[in-house]
Amino acid sequence: QAQLKRLGVNSIPGIEEVNMFKEDGRVLHFAAPKVQASVAANTYVVSGHGEDKGLQELLPGIINQLGPDNLASLKRIAEGFAASSKDSGAEADEDIPDVGANFEDVSKQ
């Protein structure tokens, strides 16, 4: 605390969350942290309980915080959702019988 006072940090009230994006696509998420800053010393202090979360756990509320570095992670998540929906769609098609070329002939049987 003494070092922070020497740097002249001031508390910033009203911060609801802080998200720090890591290179591996994960997010260090702080809910209701205490934030202090000294712009002159280019120093920011975030204190509180931080949780390591996946990007998909914080969607959709985090989209407006994403930058160009996070687009690859977001694209991977979207591809994963698309692949899982295709798999479930293929299983649903297995329940539909093949009626051939002429539906009228099959319905009379």
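## Salt bridges

A search of the whole structure, which is a predicted model, finds three salt bridges, a salt bridge being a side-chain nitrogen of Lys or Arg within 4 Å of a carboxyl oxygen of Asp or Glu. Asp52 forms one of them with Lys22, with the closest N and O atoms 3.4 Å apart; this pair links distant parts of the chain, Asp52 lying in strand 6 (residues 50-54) and Lys22 in the loop between strand 2 (17-21) and strand 3 (26-31), 30 residues apart. Strands here are DSSP runs (E, at least two residues), numbered from the N terminus.

Between Glu51 and Lys53 the closest N and O atoms are 4.0 Å apart. Salt bridges that share partners join Lys22, Arg26 and Asp52 into one network.

## Accessibility of the partners

Asp52 has a relative accessible area of 41% and is partly exposed, as is Arg26 at 29%, where buried means under 20%, exposed over 50% and partly exposed in between (1.4 Å probe, protein chains only). Lys53, at 19% relative accessibility, counts as buried, whereas Glu51 is partly exposed at 35%.

## The open sheet

Three strands form an open antiparallel sheet in the order 1-4-5, two strands being paired if DSSP finds at least two bridges between them. Strand 1 and strand 4 (residues 34-38) pair over three bridges, and Ser11 stands opposite Gln36 in strand 4.

## Basis of the values

Residues are numbered from 1 along each chain as its sequence is written, and side-chain values use heavy atoms, with hydrogens and water left out. Local features need pLDDT of at least 70 and side-chain atom pairs count only at pLDDT 80 or more, while totals for chains, interfaces and linings use all residues.

Terms used. Helices (H or I, at least four residues) and strands (E, at least two) are DSSP runs, numbered from the N terminus.
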